[in-house]
Amino acid sequence: AHDALARRVGVSRQTVYRYFPDRESLLQALWERVNRALGSGVGMPEDEETLLAMMGDLYRGFDSNAALLTVAMSTPQGRAMRNSMKSVRQKSYRK
C-alpha cells in the first residue's frame, strides 16, 4: 500500500512512511478522508436517534461522491479500509 501510494503521488516511500508509519495508520487516514468527503453530518452514530438524523446527510454524501464510494466499496483497497474500521463500526452500530 505504501509503495503504491508513493508511486501514485510521486513521492518517495520514506515520505509516505513519515506520515503513515504502518498500514493501519494509512487505512485510518483513508477512512477519515472518505468520511470528510461525505459531509460534516457523517460519522459513527452514538444511538438510534443520531443514526436516523444523519441518514439524509449520509445519502446526499453518497450521491455527490459516487465515484469515491464506488472505489471504496468495490476494490481490495476499499475492503481493507472498511475492514480496518470494522470493530469500531460494529461497536457504534450495536449501541
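Predicted model: local features only at pLDDT ≥ 70, side-chain atom pairs only at ≥ 80, totals over all residues.
User: Let's start with helix α4. How many residues does α4 have, and what span does it reach?

Analyst: Helix α4 has 17 residues and reaches 25 Å from its first C-alpha to its last, close to the 24 Å expected at 1.5 Å a residue. There is also a bend of about 40 degrees at Met55.

User: What caps the N-terminal end of α4?

Analyst: That is Asp47, which has a side-chain oxygen 3.3 Å from the backbone nitrogen of Glu49.

User: Which residues of α4 are buried, and what do they pack against?

Analyst: Met54, Leu58 and Gly61 are buried. The buried residues of α4 pack against α3 (23-38) and α7 (86-94).

User: Now the aromatic rings. Why do residues three or four places apart in an α-helix point the same way?

Analyst: An α-helix has 3.6 residues a turn, so residues with that spacing point the same way. Here, Tyr59 and Phe62 are 3 residues apart in α4, about one turn of the helix.

User: How do I name the way two rings pair?

Analyst: Look at the angle between their planes: over 60 degrees counts as edge-to-face. The count here comes to 1 aromatic pair. The ring centres of Tyr59 and Phe62 are 5.2 Å apart and their planes are at 85 degrees, so this pair is edge-to-face.

User: Is Gly78 buried or exposed?

Analyst: Under 20% relative accessible area means buried; Gly78 has 4%, so it is buried. Gly78 lies in helix α6 (residues 76-84), and touches Val71 and Ala72, leaving aside residues up to four places away in sequence.

Key: Residues numbered from 1 in each chain as written. Heavy atoms only, no water. Phe/Tyr/Trp six-rings, centres within 6.5 Å; stacked < 30°, edge-to-face > 60°. Helix = DSSP H or I, 4+ residues; strand = E, 2+ residues; numbered from the N terminus. Buried < 20%, exposed > 50% of the residue type's maximum accessible area, 1.4 Å probe, protein only. Contact = heavy atoms within 4.5 Å. Expected span 1.5 Å × (residues − 1). Bend = angle between axes of the 7 residues up to and from the residue. Polar contact = N/O pair within 3.5 Å; in protein donor to acceptor, adjacent residues only side chain to side chain.
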